[in-house]
Amino acid sequence: MARFHRLRVAAVDRLTDDSVALTLAVPAPLREEYRYAPGQHLALRRTADGQEIRRTYSICSPAPDGEAPSTLRVGVRLVDGGAFSTYALKEIDLGDELEVMTPAGRFTLPPAPGRYAAIVGGSGITPVLSIVATLLAREPEARFCLIRSDRTAASTMFLEEVADLKDRYPERFQLVTVLSREEQQAGLPSGRLDRERLTGLLPALLPVEQVDGWFLCGPYGLVVGAERALRGLGVARSRIHQEIFHVDTGTAPVATVSAPAHSTVTARLDGRGGTWPVRSGESLLDTVLRNRPDAPYACKGGVCGTCRAFLVAGEVRMDRNFALESEETQAGYVLACQSRPVTEKVELDFDR
Ligand code: FES
C-alpha cells in the first residue's frame, strides 16, 4: 500500500540549466518501505495556496543489492509553468523536508542475463539510468544499448553518470546520442529521432531480433514512434516496455461515455471497503477520494499508473491509458483516474 512520509533533502545537484537531482535521506525505520526496483518512481506531494499537487519523479540511482536504500535520488526537469518543478528548481534546499510516497511503477527490469536496449528522450533517461546501472553492476552476463535523444549537449541530463557507465563497462554498454538541434562529431546527423529514422538506425546498431527487452521512455511522440519502429522490425509487443513522461493535451482521443444515471462504486482499499454514488462527470478515483482521501494517485492523467486497481465487478471505460500494459488490462486492471462507470454497479480493489 502506497504511503507518504516526510524525507529530508540530503543533496541538491544541478544537472543542467533546467534540471536538478534531489537526494533524499531515508531514516532507518522507513528503509524497508522505500525498497525499490530499478525504474520505479516516487510521487512528491505539496500543498500550496490550499491546493494539493502531486508529481511523480523517477528514481535515477541504482537499486542497492540486498540492503534497503538509505538514500533515494530523483531527477526533476523544469516544465513550462510546472507548479512542482518550478518549486523544485527554485526553492527546494538542503535540509528541507518533502512529502514522498513509497516507490511505485512497473517500468522495471530485474537484473538477468541477456541483451537489453533503451530508447529515451530528454528526462526519459532518469529511470533508465537506474535500470542500466543496476543491471550492469549485478549481472555480468548482461549487455545494454542506450539510444538517447536530446536537444543539445548542454541540455542533456546525467551526462557524467552515463559517461561513467561507458568507462566502467566498455564491453557491455553501448551508447548512442542523437542531438536534435546540434551537429555532432560522431557522424550522426542532427534531427529528431522518429519512427523512420529509428527503422533505419536500429538494425545498423545492434541485432534487433536478439534483444530480450526494449525500454522506451520520454515524451509521447518519441515513445509511440519508437514502438512503431520496433513493431515494424518484427519485435514482439511482449518485449517492449514503455513509460511516457509528457502527454500533450489533445494528443490522444478521449472516449465518450454515456454513464448510467445512478452508478455506485464499491472500493476496497487497505483492507477496508465502502460503497458510494458516482457524481456525474467524475472519475471513479474522484468518487473514492471524496470518501477515502488515502486512495493512491499522482498524475490523474493516465500516465503514472499509481491509481491502478483491479476491476472486481461491473464495467468501466477508460478515457486514456498510457500506463498499463495490455497484459494488465486483459488481466482486469484499470486506471481509476481514467475510469468512468458503464454499468450501474462497479467494484474496484486497490489492494490486489
Ligand atoms: S493517477 Fe497517474 S495514472 Fe491515474
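Me: In this predicted model, are Phe-84 and Tyr-87 buried or exposed?
Reply: Phe-84 and Tyr-87 are both buried. The word applies to a residue with under 20% relative accessible area.

Me: What makes Phe-84 and Tyr-87 an edge-to-face pair?
Reply: Their ring centres are 5.4 Å apart and their planes stand at 90°. Rings pair if their centres lie within 6.5 Å, and planes over 60 degrees apart count as edge-to-face. The pair of Phe-84 and Tyr-87 is therefore edge-to-face.

Me: Why are Phe-84 and Tyr-87 separated by about one helical turn?
Reply: Both residues belong to helix 1 (residues 83–90), and they are separated by about one helical turn because they are three residues apart in that helix. Ring pairs also link Phe-84 and Tyr-87 with Tyr-57 into a cluster.

Me: Why is the pair of Phe-310 and Tyr-333 called edge-to-face?
Reply: The centres of these two rings are 5.3 Å apart, and the planes meet at 70°. The cut-off for edge-to-face is over 60 degrees, so the pair of Phe-310 and Tyr-333 is edge-to-face.

Me: Which parts does the pair of Phe-310 and Tyr-333 tie together?
Reply: Phe-310 is in strand 14 (residues 308–313), whereas Tyr-333 is in strand 16 (residues 333–335); the pair therefore ties together parts that are 23 residues apart in sequence. Phe-310 and Tyr-333 are buried.

Me: Where does the charged end of Arg-45 sit?
Reply: The charged end of Arg-45 sits over the ring of Phe-4, at 3.9 Å from the ring centre. For Arg, CZ has to be within 6 Å of the centre and within 35 degrees of the ring normal. Arg-54 lies over the face of Tyr-297, 3.8 Å from the centre of the ring.

Key:
Residues are numbered from 1 along each chain as its sequence is written. This is a predicted model: local features need pLDDT of at least 70, side-chain atom pairs count only at pLDDT 80 or more; totals for chains, interfaces and linings use all residues. Side-chain values use heavy atoms; hydrogens and water are left out. Rings of Phe, Tyr and Trp (its six-membered ring) pair if their centres lie within 6.5 Å; planes under 30 degrees apart count as stacked, over 60 as edge-to-face and the rest as tilted. Helices (H or I, at least four residues) and strands (E, at least two) are DSSP runs, numbered from the N terminus. Buried means under 20% relative accessible area, exposed over 50%, partly exposed in between (1.4 Å probe, protein chains only).
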